[in-house]
Amino acid sequence: MNENHRKHRISTVGQAPPVQPFTLFIPTGTKNYSMRFSIAGHGQQRIALKTAFYPDALSLAYRKYWGAVNKAESGQSLKIKTTESLIKQWMSLKRPPELHQKTSYRQTVMTRYFGSFIGNQSITDKTMASYQQWRNTYWTEGPGKDITHLEYRRARPEDALIKSPGMLIRSPVTDSMRKAPSQSTVQHENAILRDFFQWMKQEGHLSQIPSFTKPKKTKSTDNRPSFTDKELAKFRAITMKRLQQSTETNRHSRFLFWAFTEIMIDSGLRDTECLHLKWSDIINFTTDTKPIDNKLSIQIQGKSKSRTCIPNPSIIHPLQVLYAEQKPNTDDYLFTYKNGNRVSSFSEQMNETLKDADLTTDYRGVKRTCYSFRHYYITKGLNNGIDIHLLARNTGTSVSMIEKHYSHVSLEQHRDRIIPDHMRL
């Protein structure tokens, strides 16, 4: 072979018999074999075999070739599909009716996050590790930090009849969204990705499902966001101010919120428990304004078990005011709108009031919610020396849970019990 021919040679043809339906060759600049072949209607196909050992390359080439022939005969395209096209195909699969409600969440995970990151990269353990790091900082340091609004379409039943994509909704990105995903969010998103990878493997688009970095567990001893006495007094003052400044349109809802917060503070109930209370659940309640024996209790009806809660006597006043406002029947819920519908959540009013009071987060930056009233009740009970076992029974939780989440209870309240008499100045 002369030097000029060697200089312009682009590949080295493997030692394959001419009867083979494909050609093995080693592209310039690599030691591994590739193959090329043609199928009518699909043009020439070139596939990298990623091995320098001829027997392995030959065996793999036969499998690739006959696999391509079978696909062509079944009417499938031989083009290598992009991850974007595979995501669209997977998203379009028919699923059980109970999973339809998760479509929007699945769409968000697969397009906004995974799809925009992966591009044309191979799906490997390494790329998944990079993805999960990228996803963790998406809203704080990544693409999400510059996003001010999210757009999505809300499909209605009539949209299918007129072939409409649905109403375009544009919602602002709030500050509460600009944070790393919680452990449960990561687990839910990873479950969606695993389903997608499993489908890819079954369809022959992925040889091995990549591993996932295990989400870091949050410390179970993290304290819950509560209020100090001074903060709670400020919150109550703002709640009352908002009620006094209410209009005819929003007065009733603000009044209900005031009653709800007072009852929560004095009972330590979970917000869901409080919202499901009926007047028949309030034992020994009376509308009499004269002094009563204060033996009022609340029957909590849970899904698996029930309990009796003994609230603070100060709960009687908001109950009496609420009763006078609602004029309810025995089986009515405590918190109902004027049309009779039960209030399902006070989260919106809670967020607005916290914002007005500049109390949205506690001193650690942890966001407060309606649940914070329960935390206040338990913390106050511990500070006042209530037996932890009785407190656990009254609030429907365990001693271990209180010990884990309420380690921040001030020792200052128990100074006299800690310091012996003979050591005091």
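User: What does phenylalanine 227 touch, leaving out residues up to four places away in sequence?
Analyst: This is a predicted model. In it, phenylalanine 227 touches Leu232, Phe235, Met350, Leu354, Leu359, Arg368, Ser372, Phe373 and Tyr376.

User: Which residues touch the most other members of the largest nonpolar core?
Analyst: Phe227, Phe260, Ile298, Leu322, Leu334, Phe335 and Phe346 do. That core has 39 residues.

User: Which helices and strands supply at least two residues each?
Analyst: The helices are H8 (229-244), H9 (251-267), H10 (271-275), H11 (316-326), H12 (347-356) and H13 (372-383). Strand S8 (297-301) also supplies at least two.

User: And where does the largest share come from?
Analyst: From H9, with nine residues.

User: What about a second core?
Analyst: There is a separate one of 26 residues. Its members include Ile87, Met91, Trp134 and Tyr138.

User: Switching to strands. What is the strand order in the open sheet of three?
Analyst: The order is S7-S8-S9, and the pairing is antiparallel.

User: Why is one side of S7 and of S9 left without a neighbour in the sheet?
Analyst: Strand S7 (282-283) and S9 stand at the edges and each has a single partner strand, so one side of each has no neighbour there.

User: How many bridges join S8 and S9?
Analyst: Four, in the antiparallel sense. Isoleucine 298 has cysteine 309 of S9 as its bridge partner, and glutamine 299 has threonine 308 of S9. Ile298 is also one of the core residues that touch the most other members.

User: Now the whole chain. How many helices and strands does it have?
Analyst: It has 16 helices and nine strands.

User: And how much of it is buried?
Analyst: Of its 425 residues, 35% count as buried. The chain exposes about 27,100 Å², and carbon and sulfur atoms supply 51% of that area.

User: Last one: of the contacts between residues at least 6 apart in sequence, what share joins residues at least 24 apart?
Analyst: The share is 56%.

Technical notes: Residues are numbered from 1 along each chain as its sequence is written. This is a predicted model: local features need pLDDT of at least 70, side-chain atom pairs count only at pLDDT 80 or more; totals for chains, interfaces and linings use all residues. Side-chain values use heavy atoms; hydrogens and water are left out. A nonpolar core is a set of buried Ala, Val, Leu, Ile, Met, Phe, Trp, Tyr and Cys residues joined through side-chain atoms within 4.5 Å. Buried means under 20% relative accessible area, exposed over 50%, partly exposed in between (1.4 Å probe, protein chains only). Contact means heavy atoms within 4.5 Å. Two strands pair if DSSP finds at least two bridges between them. Accessible areas come from the Shrake-Rupley method with a 1.4 Å probe; for residues, only the protein chains shown count as cover.
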